[in-house]
Every structure is written in C-alpha cells, then in structure tokens.
Amino acid sequence: MDIEPIEELDLGGSQLGACRFDVEPSCSVDLGEPIQQQSGASTGHFSTIDSHTTVARAPDQTPVDQMLLAFTGRAWEAEEMTQNPAAPTTPLGSVGSLGTAVVSGASSGIGAATAIALSTIGFDVVIGARRVERLSEVAKQCPGPVAVHQLDVTDDGSVNHFVASIPECHVLINNAGGALGVDPIATADIAKWQTMYDTNLLGTLRLTKGLLDKLTDSGNGHVVVVGSIAGIEFYRGGAGYNAAKAAQHSFCEVLRQETVGLPIRVSEVQPGLVETEFSVVRFDGDQDRADAVYEGLTPLSALDVADLIAFIVTRPPHVNLATTLLLPRDQATVAVTHRS
Ligand code: 8X3
C-alpha cells in the first residue's frame, strides 16, 4: 500500500524564508557506492558515478561560506573564520558543507521541501523514497551534492541497504509516513492501521537504529522526526493515525533520554494543517474531500515545515529544539479553526 504523498513540488530558486541562498556546491562528498548524484544546480545534469566522488570547492567561496554560516545560526563559526581563517572551524566537516543530511520520504511534500531546503543551506543530502523517478526530480532542485536511493522504510532489507550505502550522517530527517482513512474504531481496517504503524513508527525506528552509530560518530548528530499534532491531540476517526503519531512522540521522548550524554540531539516537529497530498492519500484519492480539509483557511505549506526544520538543525550544537508544535495562524487545535 502506497501512502507517500504524491505532490509535485516546484521549489526552484527556493522561496525559503530563512534559507534563501543561491550558493554553488562547495564541499567534498564521499558517496560510498555507485548512485545518482547531482553535482550542482548550474548543470542540472545527472549521471551514475563511482564511489568517492569529490566535488571540489572553489577557492574564492569563503565569503559565501561565512555568510551562510552566519545566516544559518552558525555565527560562532563565521566569527572564528574571520578571526583565524586557518583554524578548523566546524565539527561537521569542511566549511561550506554543514555535513550530510539524510531525508526519508523525500519524493514529495514535506520530505522533498526539506531535502531542497537543507541542500540550499549547505548540507550534502541523501534522499530516499520508493519512487526513485520522483526523487530524481527533487534532486534536480537541490543546489548541492545529493545522493538518490530507493528506500522503503517498511522493509528491513531496504533500510539495511540504504544505511549501508551512507558513509556518514550528521542529520537524519524521519519524514516517511502518512495517514490512511478516518474510519472509526468500530469499523477499523486492520491493514491500514498496520501500514500506518509500520511507516510512521517502525520506519522511524529502523532508520534511526540503523544510523545511530554514524550519527554519534559525526560528533554532532541530530535526529529529527516529523510527527504531528495528531500525536498529542486525538480525534474521532483518527485513532489509527493518532496512535502511530503518539507512538512516534514517545519514541522521541525515550530516544532523547537514551542518548543524553552522546553528541546527539533529538527533535520532533508536530505540524498541524499542512496542505500537501497528505489528505488526498488519506482519503484514497478523493480530491474534493481532501480540499475540504483546508477550505476557508490558510494552511501551512511543505515549505513552512522545511523552513522550521532547517532552523532546528542549524542551531548551535548545545541547543536542542526538542518539540515544536507548528500551526497555521488559522488553527488553534485540531478541531478549533477559523474559516472564512
Ligand atoms: C496531520 C494533522 O490534524 O490532519 O498530521 O491529523 S491532522
């Protein structure tokens, strides 16, 4: 059962509020095994490449790097660069790359927007989803190095293969997931519940467990989980999705406790109404029913959530935005909304 959102995104040139940067890729990336890589927005060209591919930094890019670091909250590094340009400046690798960010469910919606946002602000990105063709479209909108891998977070073998192909990981965005239906418990479809549990919760578990050592080894790991307001507010017809998102919430709370003392942050983002293909999928392709969810109000966009994630992962290493509820102005709770 396919519950990934199927939205087409056109984020070229980026509308990102806090992340609006047109920078050339300026980092080295070891891609581990043959994959598709895009080595720069300027070419828009894809090719299958060998391992250990390096994208060279242009020597004149330091001013851009400094601006980027300052802009993304890493001002302490920019200041250090100014005072002592020869000093090693970052625990995340060479300046110009903020490290490697892995994004699941990146073929559309919040995942795609987040991959593009993180690439825009200077991360090397590894993007995974089942639909590789759509991932390639997303990759074309990433200005920096990007590795594309097929990934089914419900499949142990797929996750193991994905994880094995990633040489290093500083940031993991657990985004894959979604909702299926609004059936009441009395008539609940067990298969839909199993799929929601498997994608949202177990997918997060598989990927996080698989990458935890690499996140620790990075010296500044960050696990971000795209949860939902549905994980903390429950509603009629929502039990299956509520349970899966509430489980993700507990996962984050426990992981934070179990990794305290390690160089790892755990952040959960809980969006309210975000207009993507989320509701179309939930309502099994019924566009009218999906449109009604957002009718009369201004919902969040995928880009709004991506913008928040970009902010969260660019705070200084000692700062952890642990749990963030992100709502449109027109929404106060799941049920309380203003519609014109
Ligand atoms: C989606 C939020 O309220 O539609 O994550 O369940 S809601």
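Trainee: Which residues does L300 touch, not counting residues up to four places away in sequence?

Mentor: L300 touches P271, G272, L273, V274, V305, L326 and P328, where contact requires that the C-beta atoms of two residues, placed from the backbone, lie within 7 Å. This is a predicted model, in which local features need pLDDT of at least 70 and side-chain atom pairs count only at pLDDT 80 or more, while totals for chains, interfaces and linings use all residues. Residues are numbered from 1 along each chain as its sequence is written.

Trainee: Why is L300 called buried?

Mentor: A residue is buried if 20 or more other C-beta atoms lie within 10 Å of its own, exposed if 12 or fewer, and partly exposed in between, again with C-beta atoms placed from the backbone. L300 has 23 C-beta neighbours inside 10 Å and therefore counts as buried, although L300 lies in the loop between α9 (287-294) and α10 (302-312); helices here are DSSP runs of H or I with at least four residues, and strands are E runs of at least two, numbered from the N terminus. The C-alpha atoms of L300 and L273 are separated by 6.1 Å, with the two residues 27 apart along the chain.

Trainee: How do you know that the length of helix α3 agrees with its number of residues?

Mentor: The expected span is 1.5 Å times one less than the number of residues, so the 13 residues of α3 (residues 109-121) should span 18 Å, and the end C-alpha atoms are 19 Å apart, which agrees. Of the 13 residues of α3, 13 are buried, and just after α3, G122 takes a positive phi of about 120°.

Trainee: What makes up the shell around the ligand?

Mentor: The ligand is surrounded by S228, I229, A230, G238, Y241, G272 and V334, a residue being near if its C-beta atom, placed from the backbone, lies within 6 Å. This shell divides into 4 nonpolar, 3 polar and no charged residues, with Ala, Val, Leu, Ile, Met, Phe, Trp, Tyr, Cys and Pro taken as nonpolar, Asp, Glu, Lys and Arg as charged, and the others, Gly among them, as polar.

Trainee: What is the composition of the protein in helices and strands, and how much of the protein counts as buried?

Mentor: The secondary structure comes to 10 helices and 9 strands, and 47% of the 340 residues count as buried.
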